[in-house]
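Subject: Structure handover

Hi,

Here is the structure I promised to pass on. Please open it alongside this note, and I will walk you through the side chains below.

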Amino acid sequence: MQKLQAIKSDKIWGYELWIASTHPNGCQPEFKELCGGDYPLLVKVIQANESLSIQVHPDDEWAVKLEGQGNRGKTECWYILSAEPGAKLVYGIKEGFSNDVLAKAIVEKNLEQYLEMVEVKAGDFVFIPAGTVHAIGGGLRLMEVQQSCDLTYRLYDWGRDREVHIEKGLAVIKREDMIPIAPFPGHFECKYFEMDEITVKGGWSMLCTKGTKPENVQLLYIISADKAVIRSNDEKIGKPIVAEEIYAAAPGDKITIEGSAKVMRIKVA
């Protein structure tokens with residue numbers, strides 16, 4: 001078991017913490033060594049003091065088509081850690097508008113009228129398949145689980161005049177039914193990852209089953225903790241845990257948490 005150290009990236013809207021990553025744009029060497037190579041997921045904490053740009057990510061097929069072999073797409077999800085009253089995010093585009101209409105709106109800087117805005121609160125879960133138009137609003141802090149990919153096509157930036165990627169962005173948009181935003185259901189799985197929210201009251205243990213690295217590495221993200229400790233294998237004394245820490249369990253590790261805590265277990269699907 002290994003506690004991972006975050007890599008911080010300051011942004012004009014706040015900051016990101018890459019808390020579990022082997023991606024070359026923000027690699028944790030100790031995590032890559034534990035995994036034995038490229039881990040297919042990337043986990044972040046995002047602090048949005050202001051709204052992020054309106055963006056979209058390619059799926060696996062489009063990532064290769066537009067950026068070349070070796071690129072992954074980016075399906076992701078958000079677990080809302082905290083939200084200021086009235087905080088919102090962009091979750092899709094309104095129905096009935098062609099790409100030509102959207103392109104014109106981007107150029108004329110009035111895309112807002114075509115966006116679906118949703119108010120969220122702490123504990124809500126948002127699934128964002130590749131191709132979904134989205135943006136995190138100001139006043140939100142969240143944990144993000146995604147494919148290990150750093151491809152973003154920015155469609156709109158609220159007048160901040162950064163580069164936009166209209167042609168690529170519009171090409172990869174998917175207009176599919178999305179899962180309604182709601183409190184995390186306890187378990188979620190998609191093609192790329194699985195997540196389980198575990199409430200520890202007294203004690204809880206897990207065994208990271210043996211297998212081929214790096215896909216069999218599992219992650220334990222601490223959502224909240226109250227006088228809780230974590231220990232692995234034959235350790236007699238546990239280490240105190242606090243909210244927003246993340247631990248990587250290697251294949252064969254037995255992990256025990258004692259005390260009161262809420263934990264998100266994350267693994268490759």
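A salt bridge here is a side-chain nitrogen of Lys or Arg within 4 Å of a carboxyl oxygen of Asp or Glu. Asp157 is buried, with a relative accessible area of 4%, whereas Arg162 counts as partly exposed at 28%. (Buried means under 20% relative accessible area, exposed over 50%, and partly exposed in between, using a 1.4 Å probe and protein chains only.)

Before going further, please note that this is a predicted model: local features need pLDDT of at least 70, side-chain atom pairs count only at pLDDT 80 or more, and totals for chains, interfaces and linings use all residues. Residues are numbered from 1 along each chain as its sequence is written, and side-chain values use heavy atoms, with hydrogens and water left out.

In one of them, Glu67 pairs with Lys168, with the closest N and O atoms 3.0 Å apart. That pair links distant parts of the chain, 101 residues apart: Glu67 is in helix H2 (residues 60–67) and Lys168 in helix H4 (residues 166–172). Helices (H or I, at least four residues) and strands (E, at least two) are DSSP runs, numbered from the N terminus. Glu67 is partly exposed at 31%, and Lys168 is partly exposed at 32%.

Glu244 forms a salt bridge with Arg141, at 2.8 Å between the closest N and O atoms. Here the partners are 103 residues apart, with Glu244 in the loop between strand S17 (239–240) and strand S18 (246–249), and Arg141 in strand S11 (residues 140–147). Glu244 is partly exposed at 26%, while Arg141 is buried at 13%. There is also a network of salt bridges linking Glu16, Lys44, Lys74 and Glu144.

**Aromatic rings**

The whole structure holds eight aromatic pairs. Rings of Phe, Tyr and Trp (its six-membered ring) pair if their centres lie within 6.5 Å; planes under 30 degrees apart count as stacked, over 60 as edge-to-face and the rest as tilted. Tyr156 and Trp158 have ring centres 5.7 Å apart and planes at 70°, so this pair is edge-to-face. Tyr156 is buried at 5%, but Trp158 is partly exposed at 31%. Phe188 and Phe193 make a tilted pair, 6.4 Å centre to centre with 40° between the planes, and both are buried. These two also belong to a cluster in which ring pairs link Tyr79, Phe125, Phe127, Phe184, Phe188 and Phe193.

**Nonpolar cores**

Which residues have the most contacts inside the largest nonpolar core? They are Met143, Met195, Leu219, Tyr221 and Ile266, in a core of 34 residues. Such a core is a set of buried Ala, Val, Leu, Ile, Met, Phe, Trp, Tyr and Cys residues joined through side-chain atoms within 4.5 Å. Strand S3 (residues 14–20) gives the largest share of this core, four residues. Apart from it lies another core, of 19 residues, among them Ile54, Val56, Val90 and Leu115.

**Cysteines**

The disulfide count is zero, a disulfide being a pair of cysteine sulfur atoms within 2.5 Å. The sulfur of Cys190 is 7.1 Å from the closest cysteine sulfur, in Cys77, too far for a bond. Cys208 is buried, with a relative accessible area of 0%, and its sulfur is 10 Å from the closest cysteine sulfur, in Cys35, also too far for a bond.

Best wishes
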